[in-house]
Amino acid sequence: MQVESEDEAEAACAVVLTPPLSLEGGLAAELRPANLAQRVLSLFLNVRPGSDLSHFQLPATFNLPKSQLQLYGEGVYCAGEDLLGRCARGRDSLERLACVVAWSISTTRPPIFGFAPYNPVLGETHHVSTTSGCGGGLNVLLEQVSHRPPVTALHATDARGEVRLVWCQSPAPRFHGASVEAAVRGARELRLLRHAETYVIGCPGLLIRLFPSPACEWSGDVRVVCAESGLEAQLSYCRTRRSFLGFGGGDARCVRGRIFRSAEPGDTLCEIDGFWDRQVTRRDLATGEVSVLYDAQRAIGDLATPVVQDRKGVSASESAVVWGEVSNAILKKDWETAQQAKRRVEDTARRFAKERNDRGEVWTPKHFSLSQNKSGDWECWPLEDSVPPAPIVVPSSSSSS
């Protein structure tokens, strides 16, 4: 990211990190203004059904105090249980696939109706490490590699070289009159290097219902596929019952699915059933044994907030720096200052884009290569084999208690 000339250490002082989305407390407990549903509906009075909302500009009063990069990253580095490490330690291919399914469910965090993260600016980065867990700690790096369309790349590696994550994601929110459907396009790969297995993992969409009763829920079908083992899982994020004209429909946090061999899709090995905010169970059809696949309370019940460990090492393109002034004002509920600071960030990004265009320069990502495949989907690949330790860390449970 191109930035104004400034002292890196001074920029690091402006780092603003906020609690991750979790089942207990955190931002969800703080962001509950009155008349929220009416305020949200007023945003879409002049928006046509079918409109692409990728660059829809929200007032700061509707923003979470963090960027979309931080939300993506939190799904990887903020966890109360070492599910990624469990994937790497799985005894056989079926157990490892089940563990990957559990980990993929853990990246589903409680959404907050009426609030959205900042749209990242081009070149914005986010670099965080964990101090324990998977392979002795996980190093995570994200970069906004495209602005139009918005594309985010993620690379994560562990200290022992057992796990590697590579994501390339592009949100595609659309307004449908009574709802906003935010699908996420792109690939999420998890590589278990010791087992020479690659898992391609889908992502549910976010459905924001405006009528008849405002709500925010994860929905859609997700596949988890491992070509090397020939196993895959299909999950459905859905309601427990069908709704009628938007009414009823039971619990919206249901997860159902199955595990099977790709060559024999009709032969189910395991059934998956539960709720992503409580427990999800796995039933082995061969033995009838039922076990807990995923426990949300343990995985995302009460999560630690990242902290700055090395202020001088924080980049000026770090997301928590770029949006630091905006987030600080939002936390203080100083809406005028927040809106002005947000406008400065966006105006600066537009000015840099115009200057590059005037000079005939083509912007290239710093940490990833970027291309489009024949289907028109974006593909990203990290330029380095591993991610170095970050100046921002997530405290271990023992140090954060």
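This is a predicted model: local features need pLDDT of at least 70, side-chain atom pairs count only at pLDDT 80 or more; totals for chains, interfaces and linings use all residues.
Helix H6 covers residues 93-106, 14 residues in total. The distance from its first C-alpha to its last is 20 Å, close to the 20 Å expected at 1.5 Å a residue. At the N-terminal end, H6 is capped by Asp 92, which places a side-chain oxygen 3.1 Å from the backbone nitrogen of Leu 94. Eleven of the 14 residues of H6 are buried, so the helix is largely enclosed by the rest of the structure. Among these buried residues are Arg 96, Leu 97, Val 100, Trp 103 and Ile 105.

The largest nonpolar core contains 66 residues. Within this core, the residues that touch the most other members are Trp 103, Ile 105, Leu 165, Leu 190, Tyr 199 and Tyr 294. The most is given to this core by H6, with eight residues. Another core, of eleven residues, lies apart from the largest one and includes Trp 323, Ala 329, Ala 338 and Ala 341. With neighbours within four places in sequence left aside, the contacts of Tyr 199 include Ser 93, Arg 96, Leu 97 and Val 100. Tyr 199 is also in contact with Val 224, Val 225 and Cys 226, among others.

Glu 81 is located in the loop that lies between helix H4 (68-77) and helix H5 (83-89). Its relative accessible area is 14%, and Glu 81 therefore counts as buried, the cut-off being under 20%. The side chain of Glu 81 forms a polar contact, at 2.6 Å, with the side chain of Arg 86. Not counting residues up to four places away in sequence, Glu 81 touches Arg 86, Asp 295, Arg 298 and Ala 299.

Conventions:
Residues are numbered from 1 along each chain as its sequence is written. Side-chain values use heavy atoms; hydrogens and water are left out. Helices (H or I, at least four residues) and strands (E, at least two) are DSSP runs, numbered from the N terminus. The expected span of a helix is 1.5 Å times one less than its number of residues. Buried means under 20% relative accessible area, exposed over 50%, partly exposed in between (1.4 Å probe, protein chains only). A polar contact is a pair of N or O atoms within 3.5 Å; within protein, one must be able to donate a hydrogen and the other to accept it, and residues adjacent in sequence count only if both atoms are side-chain atoms. Contact means heavy atoms within 4.5 Å. A nonpolar core is a set of buried Ala, Val, Leu, Ile, Met, Phe, Trp, Tyr and Cys residues joined through side-chain atoms within 4.5 Å.
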